[in-house]
Amino acid sequence: MDAPWAREQLRRRYVLPTDAEARLDREGDARRETSAAVEKKEKPLPRLNIHSGFWILASIIVTYYVDFFKTLKENFHTSSWFLLGSALLLVSLSIAVYCIVYLEWYRGITQYDIRYPTLVPITTATFIAAGICLNVALWSVWSFFTPLLLFTQFMGVVMFISLLG
C-alpha cells in the first residue's frame with residue numbers, strides 16, 4: 001500500500017461537503033435552543049440527598065464503633081508518621097481555607113485555580129502525602145481496615161462541608 005495514497009484516503013474520509021457543514025450548523029443551533037430551554041426548567045439539586053446522607057451517617061457510625069478519637073489521642077505521641085501526616089493535613093486544609101475564604105469570598109476571585117495554578121497541585125500532593133502518612137501511622141491499630149476507615153471519615157467530612165456551602 002502506498003503511504004501518500006493511504007493518507008489521501010484518510011483525509012477524504014473526514015472531509016465534509018459544504019452543504020453538510022451548513023446542515024450541521026442549523027442542527028446545532030436547534031440543539032442549543034432546546035438545551036437552553038431544558039436548563040431553565042431544571043431545578044437545582046438539593047444539598048442533602050441520599051448520597052451525602054449515607055456518607056455522613058457512615059462516618060458517624062465508624063467514629064462511634066471504632067473509638068476513632070480515642071485511638072487518635074492514644075497514637076498522637078507514639079508515631080512520627082502520625083505527626084507528619086497531621087502536619088501535612090493541616091497544610092492542605094490551610095491552603096483550601098485560603099482559597100475558599102480569602103480568595104473566593106473576600107477578594108472575589110472565583111477562578112483562583114487559573115490565577116494561581118500551583119495551589120491546586122500543591123494542595124492535592126500534600127493531602128495525598130498526609131493520607132499515606134496517616135495510613136502508615138494507624139496501620140498497627142486497624143490493619144487492613146485503615147484505608148477504608150480513613151476514606152469513610154474523609155467522605156463524611158467532605159459531604160458535611162458540602163451541606164454548609
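Trainee: Within how many Å do the axes of α5 and α7 come, and at roughly what angle do they cross?

Mentor: In this predicted model, α5 spans residues 80-106 and α7 spans residues 119-142. The axes of these two helices come within 7 Å and cross at roughly 150 degrees.

Trainee: Which word describes how α5 and α7 are oriented to each other?

Mentor: The crossing of α5 and α7 is left-handed, at an angle of roughly 150 degrees. Angles over 145 degrees count as roughly antiparallel. The two helices α5 and α7 are therefore roughly antiparallel to each other.

Trainee: How do the residues of the contact of α5 with α7 divide into nonpolar, polar and charged?

Mentor: α5 passes α7 in a left-handed crossing. The residues of their contact divide into 20 nonpolar, five polar and no charged.

Trainee: Are α4 and α7 roughly parallel or roughly perpendicular to each other?

Mentor: The axes of α4, residues 68-75, and α7 come within 11 Å and cross at roughly 115 degrees. Angles of 65 to 115 degrees count as roughly perpendicular. The helices α4 and α7 are therefore roughly perpendicular to each other.

Trainee: How many residues of the contact of α4 with α7 are nonpolar, polar and charged?

Mentor: The contact brings together residues such as Phe68 in α4 and Trp142 in α7. By class, its residues are five nonpolar, two polar and no charged.

Trainee: What is the orientation of α3 and α8 to each other?

Mentor: The axes of α3 and α8 come within 8 Å and cross at roughly 130 degrees. Accordingly, α3 and α8 are oblique to each other.

Trainee: How is the contact of α3 with α8 divided by class?

Mentor: The crossing of α3 and α8 is left-handed. Among the residues in contact are Trp55 and Ile56 of α3, and Met159 and Phe160 of α8. The classes are ten nonpolar, seven polar and no charged residues.

Trainee: Which element gives the largest share of the lining of the largest pocket?

Mentor: The largest pocket has a volume of about 1300 Å³ and is lined by 40 residues. The elements that give two or more residues to this lining are α3, α4, α5, α7 and α8. The largest share, twelve residues, comes from α5.

Trainee: How do the residues of that pocket's lining divide into nonpolar, polar and charged?

Mentor: Nearest the centre of the pocket lie Leu89, Leu93, Phe127, Phe154 and Val157. The lining divides into 29 nonpolar, eleven polar and no charged residues.

Definitions and conventions
Residues are numbered from 1 along each chain as its sequence is written. This is a predicted model: local features need pLDDT of at least 70, side-chain atom pairs count only at pLDDT 80 or more; totals for chains, interfaces and linings use all residues. Side-chain values use heavy atoms; hydrogens and water are left out. Axes are lines fitted to C-alpha atoms, for helices over the stretch in contact, and angles run from 0 to 180 degrees between N-to-C directions. Helices (H or I, at least four residues) and strands (E, at least two) are DSSP runs, numbered from the N terminus. Angles under 35 degrees count as roughly parallel, over 145 as roughly antiparallel, 65 to 115 as roughly perpendicular and the rest as oblique. Contact means heavy atoms within 4.5 Å. Ala, Val, Leu, Ile, Met, Phe, Trp, Tyr, Cys and Pro count as nonpolar, Asp, Glu, Lys and Arg as charged, and the others, Gly among them, as polar. On a 1 Å grid over the protein atoms alone, a cavity is a set of points where a 1.4 Å probe fits but cannot get out, and a pocket is an open set with protein on both sides within 12 Å along at least five of seven lines; lining residues have an atom within 4 Å of a point. Grid points are joined across faces, edges and corners, and a volume is the space filled by probe spheres set on the points. A crossing is left-handed if the near helix is turned anticlockwise from the far one by less than a right angle, and right-handed if clockwise.
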